[in-house]
Amino acid sequence: MSYNLLKGKKGIIFGALDPNSIAWKTAERVHEEGGEFVLTNAPIAMRMGQINDLAEKTGSQIIPADATSEEDLQNLVEKSMEILGGKIDFVLHSIGMSVNVRKGRAYTDQKYDWTQKGTDVSAMSFHKVMSSLYKADAMNEWGSIVALTYMAAQRVFPDYNDMADNKAYLESIARSFGYFFGRDKKVRVNTISQSPTPTTAGQGVKGFDGFISYAEKMSPLGNATALDCANYTVTLFSDLTKRVTLQNLYNDGGFSNMGVSDAVMDAFVEKE
Ligand SMILES: NC(=O)c1ccc[n+]([C@@H]2O[C@H](COP(=O)([O-])OP(=O)(O)OC[C@H]3O[C@@H](n4cnc5c(N)ncnc54)[C@H](O)[C@@H]3O)[C@@H](O)[C@H]2O)c1
């Protein structure tokens, strides 16, 4: 169902890799709601080619950018304004990667140049994206910037490894930069803390299947899907949430406020 919530709004969407990506679902929903956007991803992700289908489907152009490169980001911001014919109303940062996770390195035995790479890609890139937009004065007043995060920033999930630290950093950047963006440009900045979701990045985490079914059993509403996340993001890009900023917003079926659920207790009660 479409409500035309984003009619006339223009934006940039980072991180659509394949149809499972949260950014992919978000691009589809933003398009349905009347928003126009440029799609971007790391040059290496372009080679997989699937993003072209999304671009065609949503009438979008693609500008490759490595989100760790200030030069690529400046170019992206400049070209996006040319393509979209003016300043930007919304930005989705949907980027995450840990080399330690990928290579199965334990949290207690990290290879620190991998740690640094992961931090740069998963967290510092958010600062770089916002800095490029801020310095180019590229955002319209009452615009909205959203990044995606996970609750391992607040609670311990051992297999999430150094991504937990990256997400804590990401959420802090949202608050710190959000202050300046709000004060100077009337732009809001928030993070959405999403349930475990079966995507390429999600499934890279060791024990993901256990992770996702545990969260499903703990959450009174069940896990939020990628589509649920897309819908929530649409509301944050819309004019209906103009003064929501500096927040970490849970889209997790209630998981973050649970202690235990009947379904989880049942697994521990001795059967007679
Ligand atoms: N899947 C989950 O369980 C889950 C839960 C909570 C939060 N998140 C977050 O949601 C976001 C999107 O991930 P997803 O689950 O849709 O997986 P995904 O693998 O589909 O998306 C991750 C994206 O990051 C991009 N990327 C990696 N390095 C990059 C770089 N240097 N420059 C630009 N882009 C780069 C990848 O190409 C990919 O498109 C991430 O921030 C992730 O941490 C995911």
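Modeller: Helices (H or I, at least four residues) and strands (E, at least two) are DSSP runs, numbered from the N terminus, and by that reading the protein chain has 11 helices and seven strands. Its radius of gyration, taken over C-alpha atoms, is 18 Å, close to the 19 Å that the globule rule (2.2 Å times the number of residues to the power 0.38) gives for 272 residues, so the chain is as compact as a globular protein of that length. This is a predicted model, in which local features need pLDDT of at least 70 and side-chain atom pairs count only at pLDDT 80 or more, while totals for chains, interfaces and linings use all residues. Residues are numbered from 1 along each chain as its sequence is written, and side-chain values use heavy atoms, with hydrogens and water left out.

Turning to the ligand, 27 residues surround it, the closest being S21, N41, K167, T197 and T199, where a residue is near if one of its heavy atoms lies within 4 Å of the molecule. By class, this shell has 13 nonpolar, 12 polar and two charged residues, with Asp, Glu, Lys and Arg counted as charged, Ala, Val, Leu, Ile, Met, Phe, Trp, Tyr, Cys and Pro as nonpolar, and the others, Gly among them, as polar. The largest share of the shell, three residues, comes from α8.

Among the polar contacts (pairs of N or O atoms within 3.5 Å), a polar side-chain atom of S21 lies 2.6 Å from an oxygen atom of the ligand. Backbone atoms take part as well: a polar one of T197 is 2.7 Å from a ligand oxygen atom, and a polar one of A67 is 2.9 Å from a ligand nitrogen atom.

How values were computed: A polar contact is a pair of N or O atoms within 3.5 Å; within protein, one must be able to donate a hydrogen and the other to accept it, and residues adjacent in sequence count only if both atoms are side-chain atoms.
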